[in-house]
Amino acid sequence: MMTKAIFSGFGGQGVLMMGTSLAHSAMSSGYHVTYLPAYGAEMRGGTANCTVAIGNEEIASPVASEPDYLIAMNSPSLFSFQTKVAARGIVFLNSSIISDRPSRSDLTVYSVPCGDIAQDLGNTRVANVVMMGAFIKKSGVVTPEMYLKSLETIMGSRKKGVAEVNRKAFAAGFDYIKD
Amino acid sequence: MNKVLMSGNNIIGEAAIRAGCRFYAGYPITPQNELTEYMAEHMRKAEGGVFIQSESEVAAINMIAGASATGARVMTSSSSPGISLKQEGISSMAACELPGVIVNIMRGGPGLGNIRPSQGDYFQATRGGGHGDYRTMVFAPATCQELADLTMDAFDAADKYRTPVMILADGMMGQMMEPIIFKSPAPRVYPEKFMLRGAGSGKSKFIRGLLLDPIDAEEHNWKLARKYEVITEHETLCEEHNLEEADMVIVAYGTAARIAKGAIKRLRDHGMKIGLFRPITLWPFPELKLRALSAKVKNFLVFEMSTGQMLEDVRLALQGYAHIDFHGRPGGAVPTPAEFANVVARLYNKRD
């Protein structure tokens, strides 16, 4: 098994946190994993993306040639990365702000209005966790329990309220995707 | 043993502190900033730890030279242009036989270049980038686990041979995260006779690189040369991957070696027998191991994120016994395994 995913969006949307939390839960689940952020002269509101590779054996390159999943949190991310996604790959779109669709017809698209769902929960900043709920449901790379445990570890247990809203956000995204 | 998920830059910092590094001086530069940041945060929590954000790279290397002379375990870090600035100090440390670890998280060059991962500093690192007859040991990790292990080993090697040791990685190694386990470092072995601790009523000790009498200087140079011979004989490290039945071998180090492994995996599915020879120490270069390979393999492909620097060491090692191709991506370009696989497949299919 080898799964590669690219998370991409505006700086500030928590895109790197999506990758870190997934990488952490993959590690806790006993997989080999690499996490590679795009770095550079970036700023809030600029672009951010990261690649996570999860596998049963040693991962050669953290650079993904053909990621199985693209999680696009804004339109520029969709345009930048849709050509890289593997044939018959899966794309998750933050449909709260992306009205476009991929130009490729072989991709399976899941539109998740994660911004709106987060707003309904009273905190727009958890849109990324909503999306992670949807992603974990569909990809099944790690169990929801393991993911939530990693998320809590990464966020720190100091703020009880944060953990609570994250759990709710994750559940909302998870339930949004129907089997 | 607990696995932890950390970025390469943070791993180097944590490994250094665990290995007993208690003096760090550095000046910020991308893509190694997280290492300086990590030391700022954690050195003050380590007993006796000193962190200094120096006024320049030149100051940082001279600060660690001074601290090393007093017997501290020392480290500095920077990225390509900053490492150029440190060269006079590294030469000085080699001359004065001062142990210390210098980390270079390479970026695109020459000049200020850019902040993308690159491997253009191979010559500078392996030839002794400063002036004079000296060498620096160079470790080239390719995984986060190796970053942790080799950082600890670098301190031991520096003490053992009383010489500056370089960790040569690139921006991708510095930024990426992988699960790792920190090993328990061995206790430090470094005799007090090499440290300047104040003579008191005893005899004065000197540590100096200025030897005005040419006969003294010549003897000192030969003494260093004999030391480098011992290092060459005992300290080479390499990884041999998939070499059984290989009829083409890629030679690559660090990030390039990882991309090569990805390409090899793809091509194996198409029946192409390709192996990887990965030097882990770049100086001393694992010359004899590579030469021995040429007895059964006649086609080698050197792959570097540069215009071809390690290529020269491969040529010296193979001495014309095998055919050598080269593929380079300088200036901060990082190919995907799929892109590199196309290059390899083309060369594999027209091999002798």
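**Strands, helices and contacts**

Analyst: Strands β10(B) and β11 (residues 274–279) of chain B pair in the parallel sense over four bridges. This is a predicted model, with local features needing pLDDT of at least 70, side-chain atom pairs counting only at pLDDT 80 or more, and totals for chains, interfaces and linings using all residues. Residues are numbered from 1 along each chain as its sequence is written, while chains are lettered from A and ligands numbered from 1 in the order in which they are written.

User: How do you know that β10(B) and β11(B) count as paired?

Analyst: Pairing asks for at least two bridges found by DSSP, and β10(B) and β11(B) have four, so they qualify. One of those bridges links B:I250 with B:L276 in β11(B).

User: Which sheet has β10 and β11 of chain B in its order?

Analyst: An open sheet of five strands, ordered β9-β11-β10-β13-β14 in chain B, with mixed pairing.

User: What makes β9 and β14 of chain B the edge strands?

Analyst: Each of them, β9 (238–241) and β14 (323–328), pairs on one side only. Between neighbouring strands of this sheet the average turn is 20°, direction ignored. Helix α10 (residues 254–268) of chain B packs on the sheet, touching β9, β10, β11 and β13 (299–304), and its direction makes about 170° with that of β11(B). Helix α12 (residues 310–318) of chain B also packs on the sheet; it touches β10, β13 and β14 and makes about 155° with the direction of β13(B).

User: How do you know that β5 (residues 100–106) of chain B is mostly covered?

Analyst: Buried means 20 or more other C-beta atoms within 10 Å of a residue's own (12 or fewer is exposed, in between is partly exposed). In β5(B), seven of seven residues are buried. Those pointing one way are B:G100, B:I102, B:N104 and B:M106, and B:V101, B:V103 and B:I105 point the other way. Seven bridges join β5(B) to β7 (residues 164–170) of chain B, where B:G100 stands opposite B:P164.

User: Why is B:C96 called partly exposed?

Analyst: B:C96 has 17 C-beta neighbours inside 10 Å, so it falls in the partly exposed class. B:C96 is found in helix α5 (residues 87–96) of chain B. Apart from neighbours within four places in sequence, its contacts (C-beta atoms within 7 Å) are B:I207, B:R208 and B:G209.

User: What makes α1(A) oblique to α5(A)?

Analyst: Helix α1 (residues 15–28) and helix α5 (residues 144–155), both of chain A, pack at about 120°, with axes 8 Å apart. Under 35 degrees is roughly parallel, over 145 roughly antiparallel, 65 to 115 roughly perpendicular, and the rest oblique. The value of about 120° belongs to that remainder, so α1(A) is oblique to α5(A). Among the residues that meet are A:T20, A:H24 and A:S28 in α1(A), and A:Y147 and A:L151 in α5(A).

User: How many residues do chains A and B bring into contact?

Analyst: Chain A has 16 residues in contact with 19 of chain B. On the chain A side, α1 and β2 (32–37) each supply at least two, and β2(A) gives the largest share, five residues.

Notes:
Axes fitted to C-alpha atoms, helices over the stretch in contact; angles between N-to-C directions. Contact = placed C-beta atoms within 7 Å.
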